[in-house]
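I opened the notebook to look at one residue and then at the contacts between chains. The entries follow in the order in which I looked things up.

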There are 4 protein chains.
Amino acid sequence: MNFTSDNCYGASPTILEAIAAANSGSAASYGDDAVTARLQTRFAEIFEHDVAVFPVISGTAANALSLSTLAPPHGAIVCHAQSHIAVDECSAVEQFTHGARLIGLDTPDGKLTPGAIETALSPIQKGAVHHAQPASVSLTQSTEFGTVYRPEEAAAIARVAHARAMKVHLDGARFANAVSFLSCAPADITWRAGVDVMSFGATKNGAVGAEAVIFFDRALVHDFEYRRKKSGHLMSKMRFVSAQLEAYLVNGLWLRNAAFANQSAARLAAGLRDVSGIEIAYPVEANAIFAQVPDRIVENLRKAGAHFYDWAPPRNGKTLIRLVTSFATPEEDVANFVAVARG
Amino acid sequence: MNFTSDNCYGASPTILEAIAAANSGSAASYGDDAVTARLQTRFAEIFEHDVAVFPVISGTAANALSLSTLAPPHGAIVCHAQSHIAVDECSAVEQFTHGARLIGLDTPDGKLTPGAIETALSPIQKGAVHHAQPASVSLTQSTEFGTVYRPEEAAAIARVAHARAMKVHLDGARFANAVSFLSCAPADITWRAGVDVMSFGATKNGAVGAEAVIFFDRALVHDFEYRRKKSGHLMSKMRFVSAQLEAYLVNGLWLRNAAFANQSAARLAAGLRDVSGIEIAYPVEANAIFAQVPDRIVENLRKAGAHFYDWAPPRNGKTLIRLVTSFATPEEDVANFVAVARG
Amino acid sequence: MNFTSDNCYGASPTILEAIAAANSGSAASYGDDAVTARLQTRFAEIFEHDVAVFPVISGTAANALSLSTLAPPHGAIVCHAQSHIAVDECSAVEQFTHGARLIGLDTPDGKLTPGAIETALSPIQKGAVHHAQPASVSLTQSTEFGTVYRPEEAAAIARVAHARAMKVHLDGARFANAVSFLSCAPADITWRAGVDVMSFGATKNGAVGAEAVIFFDRALVHDFEYRRKKSGHLMSKMRFVSAQLEAYLVNGLWLRNAAFANQSAARLAAGLRDVSGIEIAYPVEANAIFAQVPDRIVENLRKAGAHFYDWAPPRNGKTLIRLVTSFATPEEDVANFVAVARG
Amino acid sequence: MNFTSDNCYGASPTILEAIAAANSGSAASYGDDAVTARLQTRFAEIFEHDVAVFPVISGTAANALSLSTLAPPHGAIVCHAQSHIAVDECSAVEQFTHGARLIGLDTPDGKLTPGAIETALSPIQKGAVHHAQPASVSLTQSTEFGTVYRPEEAAAIARVAHARAMKVHLDGARFANAVSFLSCAPADITWRAGVDVMSFGATKNGAVGAEAVIFFDRALVHDFEYRRKKSGHLMSKMRFVSAQLEAYLVNGLWLRNAAFANQSAARLAAGLRDVSGIEIAYPVEANAIFAQVPDRIVENLRKAGAHFYDWAPPRNGKTLIRLVTSFATPEEDVANFVAVARG
């Protein structure tokens, strides 16, 4: 029963087959291959918009490279205080931007709001060299708390950002889970809502190791390709990364995988809600559940072999735990977990 | 007939099978998995020495991360003027080290010599803050010119470096080709010869995308793991990279692949030597051939569908071309190429 | 009536004389001169402790260079959310450290507390590569709010820091104002309280442009001299900077200047406290006053030629303004300002 | 007899007076003062061209900041192999540019040539992400070897640079010496010859510590002011730096000082040429002399109290020494030095 993270699960068989299928003959290296070329079209179809797509192999790389094209060294990036870039990437953004600053905002459900952003930015004087200049807002979709921005919520934030000439980045490490939840067009929650650049994640949702930086505005690409190379993220045999992304998109694998993970989370949450003493902390909209669980139940779950994170130290007899489901979480693990919790 | 680079070929089937085999159940992410743990032992056996092994996914990452642990921002790194770090990695080392400097030395066959290093370092005052301080020597094995350092050559360079408290790095993107040529123990040409840290390449020789940074002295690891994370090179599903490296080492696949590539190069060189007007520029010791080829023959080869790099612009009716063979170069391509060259 | 900042005033005549006096004959450049050598002894006397002293020319340089020796690129630095390094130095620390992160804590009076620090650090896992690792606490003395840490307050913070193997930095841009207020030995509020490295400011208190980085533990100096050179902060004619610092210390000029500035602030605060509708926001312990002032009075003051910052936008008919006095603030300006405020 | 460097001498009295004169009343800080404003006009007159002028306090800062605006992290900068940025600034340029690379060219007299630049750049593929992209050429005027570019020489280099969309930087640490030698308009050897940005030095020629970055094209200023602030080079009391530059320009002080230094060098060279066994290595056009001097004479000079650098280790009984004269080198020191050399 592994609910530690979606990245603890492996890869979809379809994706492994695509890697094998890409392994024929010789091909131009460093992304000049046919699979990578096809990706551009494929993503353009998915997003109903011209895009520039750059495969990389980690979410940290996708985020840090994206943001380094949006924020100069003297820039500031607004994000959630608990976002991945703020707490889980060892200040990669600061390094890739050569010294830009994150402004982490704390909101109860992991979602930024126009008001919170405006409050945070109001003391910063535009053009004053003493102050890091607001350059970008980075949203996470679905959020670290398993919640999902509605298109109009994202659009309202983007309006605030664009009004200040800031660009909007979307960390879509779990983008598929958000789209599956919203049942919307990918465009609705990205460029139509004002997103300029996104990190499109596949790794957590069934790929071996494949993410893509997607620019909805080619003018922003600027020196991205040099940045990718200079940071060691231009794969020589890139066709093997691109093949994963292609297989991920074909026939809706990405949305099927995400739907499965979301449904597992929904069932798990439903089961836990019925357990006396357990409280679900945030709306369960994607594949993450945060729950206040009596310490006795936490202990029983661990004894039964369940793996998951304590999100905060125990307090008043309860612990806030995080449970993440994936495209491959066994159904019986969900059932078992609930059964053990019930006691 | 693709002789552009060894990275234009795909992956060994064994390695694809290993990726598929690694795809069972859940596993701890970010390198805390069983496959990555086994790698440490496997490399220790191969090198007959305790080692600390860190998988990454590109040679540029391996080199830049290695060197950033050896050279401070005010450091200097001695390398060949035509080495990969000097000409093909878009100054990644300068970025990862936060501003260290490469001192590129030109020697005729791609190999550094103790004398060339001493001459280059003699004007630099030790401890003078005005001068970037020599911190590391980086060797490439096999070299960019297809030549191979003998153990005693590497050892002589390491002595010069260590006498100045500099560390020795080895860029082993084509390490297997060198070991195959030398028929020596991997230890002989690494730690026994004074190498402190190496980039161990697998991608060019049959992996999908897998390199390893190997420390022969754990004291040098220092903050390497933070550097890997902060640069986006800590893969969440690292077992899939480690599995490639494991399969690469098991049953001598790495040396079999390299031997095949080297033999292809030897046959190709032998064939070309017989062609009137063609001159082989450097000893063909690994899997690269540099040849002065009459422009008419170059044209015929291209017409016949051969792919390769011009290494310099045409001069006096001839062009210096580079041909690289790989573990998967079809034997008939070698034969064909020679046949076309013969005319 | 210029109360904008203490750096709007010029230099003490004694300091200008010292610059002129240093201008005789030739001298070794880059700090190898006699004046700079004498400084080491002079500071050691002042601090009753062996010290390593490095003159620089700006407070931002002093802070960023100090902290870059204390925090690695994967480090985090705890500071006040309103500290100079957090809001007024355009993320210089992030640049000089090559990507470390500031953790800004908000406390009502500009002073950090052990509790606030412990709360902020508790979620960060030691040794986890995902998290920037706490490396330093940076105190400001006197603070941005014109308050002053008592020796025991600083010591309590240093104990928390040292218990976590973090180093303590002190931004002493207005150190003289703090020492003058405390009437303590400089040692009491620095190394005896656990400070490891400090930025010793002179510019704001009567120098032309002279600060010093002071290490109380020579082991921490490490590669500081390379960092200073590499960032362009090693002055060739350093004797002229050192001469300013020397004159600043001789005969207690630094404390006389600070006492004058503090007394001016005290008089100003006393005068304003009597004005109906004006509230002094923080204890006035050094040379800065924050006051809530009715907008009508703010307007009158500006009309009368007073210069000062609005620290926040007007609210409920009042504005929080900041007034800073200096060693050279004319006494009549203080009197005038109060008179105009009284109306 | 100090011929070590021109920065071993102090400041012109006029410049000290200007500092004192700037010390009246309060003034806006960080460059918003009247003296700094006047500088813009003054430099525009001197250069007969609209300019944007930014005072800083060291030549390293001027060079590294200038070049960081001209070269991106993936850029390359062509310079002389013995230029100050290449050998005496501890790789500051690499740090300020966040990883750009210097391409140091060796020419016999310290001057770059169009041919040398074209040869060096020819193997670098434009737009190939593997290669650092040529972004700037940096000339030094007068050069490290005491030679001076003629306007047509600089213009020929600038044409090569501009044809490749590279910008031209001029390191003018000793610009006054060059202008004095050429007896040309400052414009002739800067913007009229194609220079885009320059480091205008005053420190070596009589200032306490004052340099200026001068943009001849305001479009290039871009984010320079943030870079200056973020690197700690925005002086709070900038009026004291600007006052030095103003005094330096008024009444031709800069050219008088330079003429004196150049004449001293000319007399010294003339005297040494007559000494049997001494050979002057390069044309003596500014204030530096390189001479091959018999070791016996070198020894006598040192015994007599002369200070100077050995530029290379002794060879064949002679040593290449460097002698630098300044605006304040005593005439008798020149005479004495020659007398001792004569024996």
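Leaving aside its neighbours within four places in sequence, which residues is D33(B) in contact with? I found A27(B), A28(B), M238(B) and R239(B). Contact here means that the C-beta atoms of two residues, placed from the backbone, lie within 7 Å.

Conventions, before going on. The model is predicted, so I note its limits: local features need pLDDT of at least 70, side-chain atom pairs count only at pLDDT 80 or more, and totals for chains, interfaces and linings use all residues. Residues are numbered from 1 along each chain as its sequence is written, while chains are lettered from A and ligands numbered from 1 in the order in which they are written.

**Entry on D33(B)**

I placed D33(B) in the loop between α1 (13-21) and α2 (34-47) of chain B. Helices are DSSP runs (H or I, at least four residues), numbered from the N terminus. Is D33(B) buried or exposed? D33(B) counts as buried because it has 21 C-beta neighbours inside 10 Å. The cut-offs are 20 or more other C-beta atoms within 10 Å of a residue's own for buried, 12 or fewer for exposed, and partly exposed in between, with C-beta atoms placed from the backbone. I also looked up the pair D33(B) and R239(B): they are 206 residues apart along the chain, and their C-alpha atoms are separated by 6.3 Å.

**Entry on chains D and C**

I noted 38 residues from chain D and 38 residues from chain C in this contact. On the side of chain D that touches chain C, the elements giving two or more residues are α1 (13-21), α3 (59-70), α5 (92-96) and α9 (224-230) of chain D. By class, that side of chain D has 17 nonpolar, 18 polar and 3 charged residues. Nonpolar covers Ala, Val, Leu, Ile, Met, Phe, Trp, Tyr, Cys and Pro; charged covers Asp, Glu, Lys and Arg; the others, Gly among them, are polar.

Chain D is superposed on chain C by a rotation of 180 degrees with 0.0 Å of shift along its axis (RMSD 0.0 Å). The two copies are thus related as by a two-fold rotation axis. In chain D, S231(D) has the C-alpha nearest the axis, 3.5 Å from it. Superposition is by least squares on the C-alpha atoms of residues with pLDDT of at least 70 in both copies.

**Entry on chains A and D**

I noted 13 residues from chain A and 13 residues from chain D in this contact. The side of chain A that touches chain D has 5 nonpolar, 4 polar and 4 charged residues.
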